[in-house]
Amino acid sequence: MKSVQNLKRHNQSYQLVLIDENQSTFDFVVSEDLIVKYRLLKGKIIDETTFRAFKSDVAMDALMQKAKTYVVRYSKSVSQTKAYLESKTDDYKAIFHILDELKKLNLLNDERLIEQLIDTAVTIKKEGPLKIKMTLKSMGFQEDDFMERLLEISESHLYENLTYLFDKQLLSYQSKPA
């Protein structure tokens, strides 16, 4: 049995000190997520099975926090996030566990990301279906995932985008001397 001897906030994480019956101490730097998950408060007693589970979660905690930051900051697909995690660790069990957790937290959702990318490309970037298709394929999406959505782009949007691009190109030709 181990008990929580000390718990201090350290930057964006917590310094946790556990002590066992032999007065041996165990130091961990953990995220707030683990503090909440295991309800770690000063004086809490932890049994051996919970401690083993906690130690395995601590091993994945830093990678999980990096993955959360990566996905939230950059809006990445499942395949891009998997590639990022593979660059950080060789533990495929941990990678798939983290991907599942991110999906449960609704931070990783390819369908929603495709929808956002297509809407942004059509309305803001004024791109056409072929350019959008190439961009999505380069991001690791399969054509089956986005072709139906691409076909839903209205003719009026396509016409507006073509007109905008034509006018922009025409201006560039007019400003060049003959």
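This is a predicted model: local features need pLDDT of at least 70, side-chain atom pairs count only at pLDDT 80 or more; totals for chains, interfaces and linings use all residues.
Strand β1 (residues 2-10) and strand β2 run antiparallel and are joined by eight bridges. One of the residues to look for here is Lys8, whose bridge partner in β2 is Gln15. The two strands make a hairpin with two residues between them, and in the turn Asn11 has a positive phi of about 55 degrees.

Ile19 stands opposite Thr25 in β3. The hairpin of β2 and β3 has four residues between the strands, and Gln23 takes a positive phi near 65 degrees there.

How many of the eight residues of strand β2 are buried? The number is seven, so strand β2 (residues 13-20) counts as mostly covered. As background, side chains in a regular strand alternate between the two faces of the sheet.

Now bring helix α2 into view.

## Aromatic rings

The structure holds six aromatic pairs. In one of them, the ring centres of Phe28 and Phe51 are 6.3 Å apart and the planes stand at 65 degrees; planes over 60 degrees apart count as edge-to-face, so this pair is edge-to-face. Phe28 belongs to strand β3 (residues 25-30) and Phe51 to helix α2 (residues 48-74), so the pair ties together parts that are 23 residues apart in sequence.

Both partners are covered: Phe28 counts as buried at 12% relative accessibility, and Phe51 counts as buried at 5%. Ring pairs also link Phe28 and Phe51 with Phe26, Tyr38 and Phe54 into a cluster.

The charged end of Lys2 sits over the ring of Phe51, 4.6 Å from its centre. Likewise, the charged end of Lys126 sits over the ring of Tyr164, at 5.8 Å from the ring centre.

## Helix α7 and its two sides

Which residues of helix α7 are buried? In this helix (residues 143-151), they are Phe146, Arg149 and Leu150. Looking down the axis of α7, you would find its buried residues within an arc of 105 degrees, so they line one face of the helix.

The buried residues of α7 pack against α5 (110-123) and α6 (129-138). The face turned away from the buried side carries Asp144, Glu148 and Leu151, which are exposed.

| Residue | Relative accessible area | State |
|---|---|---|
| Thr81 | 0% | buried |
| Ser31 | 6% | buried |
| Glu48 | 34% | partly exposed |

Thr81 is placed in helix α3 (residues 78-88). Apart from residues up to four places away in sequence, Thr81 touches Tyr70, Val71, Lys76, Leu99, Leu102 and Leu108. At a relative accessible area of 0%, Thr81 falls under the 20% limit and is therefore buried.

Ser31 has its place in the loop between β3 and α1 (32-37). Setting aside neighbours within four places in sequence, the contacts of Ser31 are Tyr14, Asp61 and Gln65. With 6% relative accessibility, Ser31 counts as buried.

Glu48 is found in helix α2. Its value of 34% lies between the limits of 20% and 50%, so Glu48 is partly exposed. Leaving out neighbours within four places in sequence, Glu48 is in contact with Met1 and Lys2. Lys2 is also the residue whose charged end sits over the ring of Phe51.

How far apart in space are Glu48 and Val72? From C-alpha to C-alpha the distance is 35 Å, with the two residues 24 residues apart in sequence.

Methods:
Residues are numbered from 1 along each chain as its sequence is written. Side-chain values use heavy atoms; hydrogens and water are left out. Rings of Phe, Tyr and Trp (its six-membered ring) pair if their centres lie within 6.5 Å; planes under 30 degrees apart count as stacked, over 60 as edge-to-face and the rest as tilted. Buried means under 20% relative accessible area, exposed over 50%, partly exposed in between (1.4 Å probe, protein chains only). A charge sits over a ring if NZ of Lys or CZ of Arg is within 6 Å of the ring centre and within 35 degrees of the ring normal. The arc is that of the directions from the helix axis to the C-beta atoms. Contact means heavy atoms within 4.5 Å. Two strands pair if DSSP finds at least two bridges between them.
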